[in-house]
Each structure stands twice: as structure tokens, then as C-alpha cells.
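Q: I have a model open and would like to learn how to read its features one at a time. Could you walk me through it?

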Amino acid sequence: MSSNLKTTNLDESVLEYKLINDIRLADSGTPTAIVNATQESGTLYYLSLDTSSVTTSDQSLKLYLTTTEVTVGTTAPDVQIFVPLGTRLKVSFPGGLPYTGFSAALLTQASNSGTANTRAGANEFSILNVVTS
């Protein structure tokens, strides 16, 4: 799990949401997924991914919505989002996307067997923000 991962629970009497933030997603050439970041089941409502520091390669954000152990390159993602290089992507899930566990990985390879994020080695990091319940 990334040492840059932060999860915040908002006061449930006001809002029943969690905010997940990872400021250096894929911080090595061989990324490890952020695994079960919420530590419980919930619903995914929104995510943003800032790849504006990435200058030479498109990215593939892979989401795993299960508590099953995640191995990047082996475990098939439940959701995969293509992110063009140098963009700020925002995705809303109006009805919510339920999960039993929330894990994510960012790669420069779109295939399920992909295991690399070559931009991380070049100090080009992406920022992930997620809102869940």
C-alpha cells in the first residue's frame, strides 16, 4: 500500500462519505495496488485522477471492487478507465458503484497482464481522489 495514501471518514452524523487520496499513485516502476483502502464495503460515487505531470504515456486506472487479494498483472479489474496523458479526469457514478473492498492500480499498460507504470520511474506521478460511502 502506498505510504502516500490517506483515507478520511467524515462525521457520519453530517455526511456518510469517505475521502481517499493518494498523491503518488504508482510510485515505483512496478506498481502495487492500493488494497482495500476503505477497510469495508461501500459505494463509489466519484473519482478524479490528475495525470498532468505525465508527459509521455497514457495511463490505465484499474479498480478492483472486491476484498479478494489483488495482484497487479494477474487479477482482472472490475473497472478499467483509460486516461490520456497529461489530463485531469473526473468520473461520477450518480447511482453509485457498490463494492465489498476498494483497491486501485495505475499502469501504462491497458492489458490485464500489464504490470508496469513506466512514468513512475521518471518521477511523473498521478494524484487519485475518490469519494465513497
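Predicted model: local features only at pLDDT ≥ 70, side-chain atom pairs only at ≥ 80, totals over all residues.

Q: Where is Q39 found, and what is phi of Q39 near?
A: Q39 is found in the loop between β2 and β3. Its phi is near 65 degrees, a positive value in a residue other than glycine.

Q: Let's move on to β3. How many of the nine residues of β3 are buried?
A: Seven of the nine are buried, so β3 is largely enclosed by the rest of the structure.

Q: Which strands does β3 pair with?
A: β3 (42-50) pairs with β6 in the antiparallel sense, over eight bridges. Six bridges join β3 to β8, again running antiparallel. To find your way by eye, look for T43, whose bridge partner in β6 is P98, and then for L49, which stands opposite L128 in β8.

Q: How do I read the faces of β8?
A: Follow the side chains along the strand: S126, L128, V130 and T132 make up the covered face, while I127, N129 and V131 make up the uncovered one.

Q: How should I think about a nonpolar core?
A: In soluble globular proteins, nonpolar side chains tend to be buried together. Here, the largest nonpolar core has 20 residues, and those with the most contacts inside it are L44, L47, L61, L63 and F102. The elements giving two or more residues to this core are β3, β4, β5, β6 (88-99), β7 and β8 (126-132). There is also a second, separate core of five residues, which includes Y64, V70, V72 and A105.

Q: Which residues does F102 touch, leaving out those up to four places away in sequence?
A: With those left out, F102 touches I20, I34, V35, N36, A37, T38, L44, L63, Y64, L65 and V130. Two of the names, L44 and L63, you have already met among the core residues with the most contacts.

Q: What is the strand order in the open sheet of three strands?
A: The order is β5-β4-β7, with antiparallel pairing. β5 (79-83) and β7 (103-107) stand at the edges with a single partner strand each, so one side of each is left without a neighbour in the sheet. On average, neighbouring strands of this sheet are turned by 15 degrees against each other, direction ignored.

Q: How many bridges join β4 to β7?
A: Five bridges join β7 to β4, which covers residues 59-64. One place to look is S60, whose bridge partner in β7 is L107.

Q: And how do I describe aromatic pairs?
A: A pair of aromatic rings is described by the distance of the centres and the angle of the planes. A search of the whole structure finds two aromatic pairs. One of them, Y17 with Y45, is edge-to-face, at 5.7 Å centre to centre and 85 degrees between the planes. Y17 lies in the loop between β1 (5-9) and β2 (18-25) and Y45 in strand β3, so the pair ties together parts that are 28 residues apart in sequence.

Q: What is the relative accessibility of Y17 and of Y45?
A: Y17 is at 33% and therefore counts as partly exposed. Y45, at 27%, counts as partly exposed too.

Notes
Residues numbered from 1 in each chain as written. Heavy atoms only, no water. Pairing = 2+ DSSP bridges. Helix = DSSP H or I, 4+ residues; strand = E, 2+ residues; numbered from the N terminus. Axes fitted to C-alpha atoms, helices over the stretch in contact; angles between N-to-C directions. Core = buried A, V, L, I, M, F, W, Y, C linked by side-chain atoms within 4.5 Å. Buried < 20%, exposed > 50% of the residue type's maximum accessible area, 1.4 Å probe, protein only. Contact = heavy atoms within 4.5 Å. Phe/Tyr/Trp six-rings, centres within 6.5 Å; stacked < 30°, edge-to-face > 60°.
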